[in-house]
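Colleague: I am new to this structure and would like to go through it step by step. Could we begin with how far the model can be trusted, and then turn to some of its details?

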Amino acid sequence: MGWPAVRGGVLEIRILGAFSVTVARRVATWKPGCSNPGASSPEGHDDCIWSFSFSSDGKRIVSASADKTVRIWDVGTGQQLGASLEGHSQEIHSVSFSPDDRLVVSGSFDNTARIWDVETSQQRGPALEHNGYVTCVAFSPDGQYIVSSCSDNTMRMWSVAMGQQIGSPLKGHTGWINSFVVSPDGQRVISSSADRTVRIWDVKTGQQLGPSLEGHRQSVMSVAVSPDGRCIASGSSDKTLTIWDAETAQQLGSPLEGHSDPVRSVAFSPDGRRLVSGSDDCTVRIWDVETGQQLGYSLDHHTRYVLSVDFSPDGRYIVSGSYDKTMRVWDIQSLKSIGTNFDDGSHMVNGWVHALNSRRLFWVPASLRAGLLRPPQTLIIGHCLKTRLDMSKFVHGEAWTKIRGD
């Protein structure tokens, strides 16, 4: 293996051994995809990104971070929109847009949830006080109420207009509530807990509906509901995903296996046919809901735990948020073509980029790995040097003497 060299702002990597790579009579050419090569982006959270949410039109993302801020981003450019939303005194674990995109709600380990005005970037009304860490927050589909979950094993509902709690807390879980979702019709809340169960609740009565969904062997970290409300998906510390029938509370098929560490986040595609999952194994994976099989290759571009994942409202993109302090946008269309080249399915192991056939293509310096835009990524939001490869003349083979670039 040769040594990387910088010449006139273009990074070259030379690889010697069983094969070589030649681009325009050089071994490899990198063209940093930023206006000031060598400088990291000023845009980005200063700590891990626990949660994010799309606006209804898919043009903006709101994110929550351990840096105690909420930020709103333009999905097309990756630029922050407006000022950061500041007021929490501890890390923020959950965030959500209101259905009309005018408000944002955030939940923090400072034992509060807070409502924010998107236009003014100011907090609206007093903080919503809890008896423990706020682990998850969401608006109802009609925007009239907010649901929050807490480390005291309960959930609460709040009037958006009044800023006051509605009724009594929802009680039943015997462990920390990690996640919940509100059903599309707004009539039910589905929660997941460290007590290894998923539970369904009636919004009007606050009572649990039917039996608990049991089957996971460890804490249930995340839960999602299909757009038609008929299926529930859960991700667990036992490294599996499970799909359930929302009416019968029965497991559908076998658990989805493939992750090698806890599954932190799950989400359905807008058409309900696919699932996306994010894990502590630093990968994002896509699954066929009907067959339970993984679709294509694992997306392994994050350098730390993947904490949150979701599809864009139009289903064209996946976004992931990570402990590595970045969010990444993935183009779903490009995943349909899976071959043996860098452009359609490469993965990185210890800095080496491999083709799908596991052949090494080239090595990436450690300083460039976090910000390397490898297909199918279209955007990285975060503090890192953004680097995009020009692969238009990329060739590789067994013998370097028999390879040349045009």
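Modeller: The pLDDT is the predictor's confidence in each residue, on a scale from 0 to 100. This is a predicted model, and 81% of the residues score at least 70, while the protein chain averages a pLDDT of 84.

Colleague: Over which residues is the pLDDT below 50, with 106 contacts beyond near neighbours in sequence?
Modeller: Where pLDDT is low, the predicted coordinates should not be read in detail. That caution applies to a stretch that has 106 contacts in the model beyond near neighbours in sequence, yet has a pLDDT below 50, namely residues 1-42.

Colleague: Is Ser 94 buried or exposed, and what is its relative accessible area?
Modeller: Ser 94 belongs to strand β9, which covers residues 92-97. Leaving aside residues up to four places away in sequence, Ser 94 touches several others, among them Ser 51, Ala 64 and Cys 136. Because residues under 20% relative accessible area count as buried, Ser 94 is buried, its value being 4%.

Colleague: Which strands stand at the edges of the open sheet of three strands?
Modeller: The order in this open sheet is β31-β32-β33, and the pairing is antiparallel. Each edge strand has a single partner strand, so one side of it is left without a neighbour in the sheet; these strands are β31 (347-349) and β33 (360-363).

Technical notes: Residues are numbered from 1 along each chain as its sequence is written. This is a predicted model: local features need pLDDT of at least 70, side-chain atom pairs count only at pLDDT 80 or more; totals for chains, interfaces and linings use all residues. Side-chain values use heavy atoms; hydrogens and water are left out. Contact means heavy atoms within 4.5 Å. Helices (H or I, at least four residues) and strands (E, at least two) are DSSP runs, numbered from the N terminus. Buried means under 20% relative accessible area, exposed over 50%, partly exposed in between (1.4 Å probe, protein chains only). Two strands pair if DSSP finds at least two bridges between them.
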